Amino acid sequence: MDDKIRIGVIGCSTIAKNSTIPAILKSANYKLAFVGSRSNDKAKKIAQEFGCEKYGSYEDVLDDNSVDAVYISTPVGTHEEWVIKSAQTGKHVLCEKSSTTSFD
């Protein structure tokens, strides 16, 4: 039995491609389960690049019951929307922060 946490990636940003997805693949505790993008072609390309069988839209990631948690790497202005939608599915959520947000 595979005890790894299955991660679905929402958004194919440079950070996701260069840092987060490689870290998921190196981890003993996580598995890349799904890649989602606004573009099906981009999702397919990134999924193939990293050996992930499942790819599709952001909604496809959330609809997949095999995904335990989502990593949100969408444009900053859409973070709130996708964090809320992800949480509503009962999945764990990890979201990139925006360096332009000020909490002062």
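**Entry 1. Conventions**

I take two strands as paired if DSSP finds at least two bridges between them. Helices (H or I, at least four residues) and strands (E, at least two) are DSSP runs, which I number from the N terminus. The model is predicted, so I note that local features need pLDDT of at least 70 and side-chain atom pairs count only at pLDDT 80 or more, whereas totals for chains, interfaces and linings use all residues. Residues are numbered from 1 along each chain as its sequence is written, and side-chain values use heavy atoms, with hydrogens and water left out.

**Entry 2. Overall fold**

I began with the secondary structure, which comes to 4 helices and 5 strands. Along the sequence I read the pattern β-α-β-α-β-α-β-α-β. The radius of gyration, taken over C-alpha atoms, is 13 Å, close to the 13 Å of the globule rule for 104 residues, so the protein is as compact as a globular protein of that length. That rule is 2.2 Å times the number of residues to the power 0.38. I also looked up the spans of the C-alpha trace along its principal axes, and they are about 45 × 25 × 25 Å.

**Entry 3. Surface and contacts**

For accessible areas I rely on the Shrake-Rupley method with a 1.4 Å probe; for residues, only the protein chains shown count as cover. The protein exposes about 6400 Å², of which carbon and sulfur atoms supply 49%. I call a residue buried under 20% relative accessible area, exposed over 50%, and partly exposed in between (1.4 Å probe, protein chains only). On this scale 40% of the 104 residues count as buried. Contact here means heavy atoms within 4.5 Å. Of the contacts with a separation of 6 or more, 53% come from residues 24 or more positions apart.

**Entry 4. The sheet**

I looked up the strand order next. The 5 strands form an open sheet in the order S3-S2-S1-S4-S5, with parallel pairing. S3 and S5 stand at the edges with a single partner strand each, so one side of each has no neighbour in the sheet. As background, strands of a sheet pair through backbone hydrogen bonds, either parallel or antiparallel.

Strand S1 (residues 5–10) pairs with S2 in the parallel sense over 6 bridges. From S1 I followed the chain through helix H1 (residues 14–26) to S2, and this β-α-β crossover is right-handed. I use that word where, with the strands pointing away from the viewer, the path from the first strand over the helix to the second runs clockwise. The bridge partner of valine 9 in S2 is valine 35. Valine 35 in turn has tyrosine 55 as its bridge partner in S3. S2 and strand S3 (residues 55–56) pair in the parallel sense over 2 bridges. Within S2 (residues 30–36), 5 of the 7 residues are buried, so the strand is largely enclosed by the rest of the structure.

**Entry 5. S4 and S5**

On the other pairing of S1, I find that S1 and S4 run parallel over 4 bridges, with isoleucine 7 opposite alanine 69 in S4. S4 and strand S5 (residues 92–95) also pair in the parallel sense over 4 bridges. There, the bridge partner of isoleucine 72 in S5 is cysteine 95. The chain passes from S4 through helix H4 (residues 79–88) to S5 in a right-handed β-α-β crossover. I then checked the side chains of S4 (residues 69–72): Ala69 and Tyr71 point one way, Val70 and Ile72 the other way, and all are buried.

**Entry 6. Histidine 79**

I located histidine 79 in helix H4. Histidine 79 counts as buried, at 10% relative accessibility. Its side chain reaches the backbone oxygen of threonine 74 at 3.0 Å. Not counting residues up to four places away in sequence, histidine 79 touches Ile72, Thr74, Cys95 and Glu96.

Arginine 38 lies in the loop between S2 and helix H2 (40–49). With 69% relative accessibility, arginine 38 counts as exposed. Leaving aside neighbours within four places in sequence, I find arginine 38 in contact with Tyr58 and Pro75. The C-alpha atoms of arginine 38 and glutamate 96 are separated by 17 Å, the two residues being 58 apart along the chain.

Serine 39 also has its place in the loop between S2 and H2. Serine 39 is partly exposed, at a relative accessible area of 31%. I looked up the C-alpha separation of serine 39 from aspartate 63, 24 residues apart along the chain, and it is 17 Å.

How values were computed:
A polar contact is a pair of N or O atoms within 3.5 Å; within protein, one must be able to donate a hydrogen and the other to accept it, and residues adjacent in sequence count only if both atoms are side-chain atoms.
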